[in-house]
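Here's a quick briefing for anyone meeting this structure for the first time. Take a look at the model, then read on for a tour of its parts.

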Amino acid sequence: MAAIVGSPPGTPATTPTTEQAPTMYGTNLFAVDDLEISQTINGHNLNSKTVLVLPSEEEYEFLLSALKRRLEEGETLYTVGVGDGDAKGLADDEFEASVATLRSLAISCNADCNLLAKKTVSGGSLAEFLIRKKAESEDFIEVRVAVVGNVDAGKSTLLGVLTHGELDNGRGVARLKLFRHKHEMESGRTSSVGNDILGFDSAGLVVNKPDTHAGHLDWKKICEDSAKVITFIDLAGHERYLKTTVFGMTGHMPDFCMLIVGANAGIIGMCKEHLGLALALNVPVFVVVTKIDMCPPNILQETLKLLQRILKSPGCRKIPVMVQNTDDVVVMATNFSSERVCPIFQISNVSGENLDLLKMFLNLLSARMSFDEKEPAEFQIDDTYSVPGVGTVVSGTTLKGIINLNDTLLLGPDALGHFQPIVIKSIHRKRMPVKYVRGGQTASFSLKKVKRSQIRKGMVMVSSTITPQACWEFEADILILHHPTTISTRYQAMVHCGSIRQTATIVHMSMDCLRTGDKAAVKFHFIKNPEFLRVDQRLVFREGRTKAVGNITKLYHHQPGATLQQHRCKVSKNRGEGPGPLQKDGDGAENGETSSSGARLRPENEPQKPSKRNRGGRHRGNRSKENLLHKPIASLGAVSYVKLPSSGVSLAPSADSG
C-alpha cells in the first residue's frame with residue numbers, strides 16, 4: 001500500500017489502493033467516458049465480476065466490441081475480480097477462467113495482455129491487466145514528458161541511463177551521449193531543448209538497444225519495434241536559459257512533467273520556478289529524487305520533508321505519495337490524471353536502484369491531451385532546419401486533423417500577416433519516414449520552394465479549406481503570479497503562447513495597475529509580427545522575475561495591409577521618427593512598394609533582413625545607392641546639421657552656401 005510522505009508509520013494512503021482500482025467500466029487514465037454499460041444478456045449482468053467466467057457467444061461478442069472501442073487509443077487497463085455490487089475477488093477456478101477469456105479477447109483484437117499486479121483479498125484473487133495493441137508499421141502511441149529541475153540535479157544523466165540502458169559511473173559519462181553542442185559537453189550543462197526517446201513494445205519491454213561501438217540510438221528501428229514511445233523533452237536547468245525552458249514547456253506541449261531533485265542539494269534555485277511553471281500550465285507533475293546512493297540518510301529525509309511541505313502548500317495542493325513497489329506504480333498510474341496525486345520516486349543512476357519502478361510507471365502513462373482528427377489540419381512550428389540535399393525542414397506538433405504526404409497547406413503568418421500555400425514533400429516521425437500524421441503527434445516536414453529565412457518559430461501550417469487570419473492585438477484574462485512593483489499600460493514583456501515567443505505591449509487593462517496576485521482583463525499588442533492565435537489558448541507572460549499566466553478571450557482580426565500600416569504608424573509616432581508608412585518618398589513610391597530606382601522597399605519588420613551589401617535603397621530616405629552614385633557631386637553640395645534647442649538632436653539638413 002502506498003504511503004503518504006510525512007504520515008505516521010502505518011497510515012494508509014488516501015488514494016485508491018489496488019483493491020479500489022477502477023474497473024473496465026469505471027473512470028481511470030485509460031478509460032473512455034461513454035463505455036459505461038448497464039445491459040443484461042440472458043439474465044447475466046455485464047457489469048458483474050463473473051462476466052468473464054464462461055460467457056455465452058452473445059456475451060463474448062459484446063465484450064469483444066467493447067474492448068475494441070477501448071483499444072481505439074491503443075491501450076487500456078482491465079481489472080479482473082471487481083464488479084458492481086459484488087464483493088471484490090474471485091475464487092481460483094473462476095479467476096483462471098476469467099483470465100483465459102480476457103487473453104482470448106486480447107488475441108482477437110491483435111493485442112497483448114500483460115499482468116501488472118495481483119492481490120489476494122477476502123473474496124479471492126484480484127488482478128490488474130494492461131492490454132495494448134501490437135506495434136503496427138508507421139504508427140505508435142506517443143507520450144511527451146518534459147524533464148525539468150535545478151542545474152546539476154541529474155536530468156541529462158537520468159535520461160542517458162533510461163534511453164541507453166547503461167548505468168552512470170558517477171562522473172556523468174551517461175549524459176555525454178545526449179548533448180548537442182560542444183560547450184554543453186565541456187560545462188556539463190544543457191543549454192538547448194533536447195529530445196530523447198524510450199520505446200516500449202506491446203509486452204511492456206524496453207526496445208532501446210544502442211549501438212555497441214558508438215553508443216548511438218537508431219530512432220527508426222526503435223519506432224518500428226515500439227507500440228509506445230516516450231519522448232523526453234530535456235530542458236535547461238540554469239537560470240540563464242529560463243527563456244528556453246519556458247519555450248520547451250509551452251511550445252512542445254508536454255503531457256506530463258518530470259521534476260528532478262538532487263537528494264544532496266535539495267529543492268534550490270530554479271526547482272521552484274520550474275514547479276510553478278508546470279502548475280501554471282496545468283501539467284501533471286511527478287518527482288524523481290536522484291543521487292540517493294551518495295546522499296547521507298539524514299540529508300535525504302530533510303529533502304523529502306521539504307519536498308512534502310512544498311507539494312502540500314496552498315499553491316500546489318498536491319498529495320505526495322512515495323512509490324516503493326509495483327502495486328504503488330499501478331495505483332499511481334491509474335490515478336495520475338486527477339492532477340492531485342504526485343508520485344515520488346527515489347532512484348540512483350549509479351546503482352540502478354528503483355529504476356525498474358520508474359520505467360514501469362513510464363510504460364503505463366497515456367497521452368493526456370485529446371485531439372480531433374476530423375477538424376481541418378493545423379500544425380504549429382517550433383523549429384526550422386536547412387538540410388543539405390533536402391532543403392527547408394520544419395518540426396513541431398500536429399494540433400488538429402490529419403496531414404498526408406503531398407498535401408497543400410497554408411504557411412504563415414509572415415511579416416505582412418499573409419499565408420502562402422506550400423506543399424509537403426516528405427514527413428518524418430522520430431526520424432522514421434511516414435505517409436501521414438494525426439492530431440497530437442510530433443513530426444518533421446520537408447517543404448517545397450520555401451527558404452528557411454521565410455520561416456520563424458511560432459508560424460503555423462493550416463488546411464487550405466479554411467481562411468486563417470493573423471492578429472496584432474488580443475485580450476486575455478491574466479493572473480499576476482509575481483511582480484516586484486506595479487504593472488500599468490505600455491508595460492512590455494515576453495509572451496509565450498504555444499510555440500509563439502514575442503514581446504507584447506499592454507495597451508489597455510480593466511484595472512489602473514496590477515500587483516502580485518491580481519486578476520484582470522488585459523489587451524496586448526505584438527511589437528514585431530502578427531501571430532495566429534486561438535481563443536482559450538494558454539499563455540505565459542514573463543519579463544525578468546515578473547510572471548503571469550492567463551487564457552486568451554478575444555482576438556482582433558484585421559486586414560493584413562491595414563494592420564501593417566497601423567502598426568508602423570504607431571511605431572513611427574512612438575519613436576518620433578520620419579515619415580509614416582503612407583507618406584511617399586522622393587520617387588513617389590509608398591513604403592513596401594517599388595521605387596523608380598527598381599529597389600523594392602520591404603517593411604522593416606521582416607523575419608530576417610538581407611545583408612547590408614544588398615540593402616541599397618531601403619533606408620529612411622528611400623534613396624538607392626545608384627541614385628547617389630549617378631548624381632553629380634556638385635549638385636549634392638556640402639551638408640551641415642543644425643542642432644535644434646527643442647529636441648537636442650536634429651536630422652534636418654541645410655545647404656552650406658560657402
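Let's start with a strand pair: S4 (residues 75–80) and S6 (residues 124–133) run antiparallel and are joined by six bridges. Two strands count as paired if DSSP finds at least two bridges between them, and helices (H or I, at least four residues) and strands (E, at least two) are DSSP runs numbered from the N terminus. Keep in mind that this is a predicted model, where local features need pLDDT of at least 70, side-chain atom pairs count only at pLDDT 80 or more, and totals for chains, interfaces and linings use all residues. Residues are numbered from 1 along each chain as its sequence is written, and side-chain values use heavy atoms, with hydrogens and water left out.

**More on strand S4**

- Within this pair, Thr79 sits opposite Glu128 of S6.
- Six of the six residues in S4 are buried, where buried means under 20% relative accessible area, exposed over 50%, and partly exposed in between (1.4 Å probe, protein chains only).
- In a regular strand, side chains alternate between the two faces of the sheet.
- Here both faces are covered: Glu75, Leu77 and Thr79 are buried on one side, and Thr76, Tyr78 and Val80 on the other.

**The whole protein**

- The protein has 13 helices and 30 strands.
- Of its 658 residues, 51% are buried.
- Take contacts (heavy atoms within 4.5 Å) between residues at least 6 apart in sequence: 68% of them join residues at least 24 apart.
- The accessible surface comes to about 31,000 Å², and 49% of that belongs to carbon and sulfur atoms; these areas come from the Shrake-Rupley method with a 1.4 Å probe, and for residues only the protein chains shown count as cover.

**The nonpolar cores**

- A nonpolar core is a set of buried Ala, Val, Leu, Ile, Met, Phe, Trp, Tyr and Cys residues joined through side-chain atoms within 4.5 Å.
- The largest one has 44 residues, and Phe232, Met258 and Phe286 have the most contacts inside it.
- Helix H10 (residues 355–364) gives this core its largest share, seven residues.
- There is also a second, separate core of 37 residues, which includes Ala263, Leu275, Val287 and Ile344.
- Leaving out residues up to four places away in sequence, Phe232 touches a list of residues that includes Val145, Leu159, Asn195, Met258 and Leu362.

- Helix H3 (residues 155–164) is largely enclosed by the rest of the structure, because ten of its ten residues are buried.
- Among the buried residues of H3 are Lys155, Leu159, Leu162 and His164.
- The buried residues of H3 pack against strands S7 (141–149), S8 (194–200), S9 (228–234), S10 (256–262) and S11 (285–290), and against H10.
- Just after H3, Gly165 takes a positive phi of about 75°.
- H10 is largely enclosed too, since eight of its ten residues are buried; these include Leu355, Phe361, Leu362 and Asn363.

**Salt bridges**

- A search of the whole structure finds twelve salt bridges, each being a side-chain nitrogen of Lys or Arg within 4 Å of a carboxyl oxygen of Asp or Glu.
- One of them joins Lys430 to Glu142, with the closest N and O atoms 3.3 Å apart.
- Lys430 lies in the loop between strands S18 (420–429) and S19 (432–434) and Glu142 in S7, so the pair ties together parts that are 288 residues apart in sequence.
- Another bridge is formed by the side chains of Arg456 and Glu531 (3.1 Å, N to O).
- Arg456 is buried at 12% relative accessible area, and Glu531 is buried at 2%.
- Glu375 and Lys400 also meet in a salt bridge (3.5 Å, N to O).
- Glu375 is partly exposed, at 33% relative accessibility, and Lys400 is partly exposed as well, at 26% relative accessible area.
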